[in-house]
Amino acid sequence: MRISRKAGLVASTALCGALAFGVAGPAFSAVTDSPARSASAAPVPGADALAKQNAALSGAGAVLQPVTGLVAGVLKAPDGKLPKDEATKHAADVKKALDGLTADAKAASGKAGVPGARAQAPGADLVVKAAADLQTKVDALVKASAAGDAKATAAALQATLTGTVNVVVAIVLGGDLPAPDLKGLPKLPTLPGVSPAETLPSL
């Protein structure tokens with residue numbers, strides 16, 4: 001099966017992102033679980049905010065890995081047709097990741113039972129919407145792959161990658177992460193009622 005050069009580039013970029021998140025997660029865990037930190041009586045300044053930001057990145061990584069795994073599997077399969085058992089496993093992994101992301105976002109938006117909180121979390125609501133959209137696109141990809149329709153599979157692959165980017169961007173713009181500060185990067189747009197997290201003051 002052949003897909004556009006653009007789709008291949010997006011796939012490579014997404015896979016690199018997944019690897020980056022995959023490496024960062026264990027490294028952060030190793031630092032936070034060190035004996036030195038456990039023995040310390042005082043928490044790191046701003047620890048709650050930092051933990052919230054790390055959780056947001058972890059959510060993005062949890063989604064990226066199973067989705068890019070599905071995409072890679074389809075790309076490697078003859079004519080893009082995955083074996084039924086492999087397709088089922090990939091689909092289950094993606095659904096589990098998206099369900100977890102959705103549950104966390106709904107809790108943040110107040111749907112877990114905090115009156116009035118939902119209106120204060122438009123970023124979280126956007127994540128819920130992006131996750132639902134990606135799930136629909138993943139379902140379409142699995143269906144196209146199972147049918148062995150190479151043309152439909154290529155289109156579904158592109159849609160799935162785009163949906164994955166939508167989820168990542170929704171997380172980034174949700175207000176829990178600091179704005180990027182690397183020179184040369186353009187200023188990110190903001191959502192109505194949502195501001196990037198403030199950078200912690202220098203110690």
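This report looks at the nonpolar core and the salt bridges of a predicted model.

## The nonpolar core

Let's start on the inside. The largest nonpolar core has 30 residues. Within this core, the residues with the most contacts are V63, L70, L101, L134, V167 and I171. Helices α3, α4, α5 and α6 (150-172) each supply at least two residues of the core, and α5 gives the most, with 9 residues. As a general background, nonpolar side chains tend to be buried together in soluble globular proteins.

Leaving aside residues up to four places away in sequence, L70 touches L82, H90, V94, V138, L141 and V142.

Next, turn to V71, which is found in helix α3 (residues 47-76). Is V71 buried or exposed? V71 counts as buried because its relative accessibility is 3%, and the cut-off for buried is under 20%. V71 also shows how a folded chain can bring together residues separated in sequence: V71 and L141 are 70 residues apart along the sequence, yet their C-alpha atoms are 8.8 Å apart in space.

How many salt bridges does the model have? The count comes to 3. Let's visit them in turn.

In helix α4 (residues 84-108), K89 and D93 sit 4 residues apart, about one turn of the helix. Their side chains meet in a salt bridge, with an N to O distance of 3.0 Å. K89 counts as exposed because its relative accessibility is 55%, and the cut-off for exposed is over 50%. D93, at 33%, counts as partly exposed.

Helix α4 also holds K95 and D99, again 4 residues apart, or about one turn of the helix. The side chains of K95 and D99 form a salt bridge at 2.8 Å, N to O. K95 is partly exposed, with a relative accessible area of 43%, and D99 is partly exposed too, at 41%.

For the remaining pair, move to helix α5 (residues 122-147), where D133 and K137 lie 4 residues apart, about one turn of the helix. Here the side chains meet in a salt bridge at 3.1 Å, N to O. D133 is partly exposed, with a relative accessible area of 30%.

Methods: Residues numbered from 1 in each chain as written. Predicted model: local features only at pLDDT ≥ 70, side-chain atom pairs only at ≥ 80, totals over all residues. Heavy atoms only, no water. Buried < 20%, exposed > 50% of the residue type's maximum accessible area, 1.4 Å probe, protein only. Salt bridge = Lys/Arg side-chain N within 4 Å of Asp/Glu carboxyl O. Core = buried A, V, L, I, M, F, W, Y, C linked by side-chain atoms within 4.5 Å. Contact = heavy atoms within 4.5 Å.
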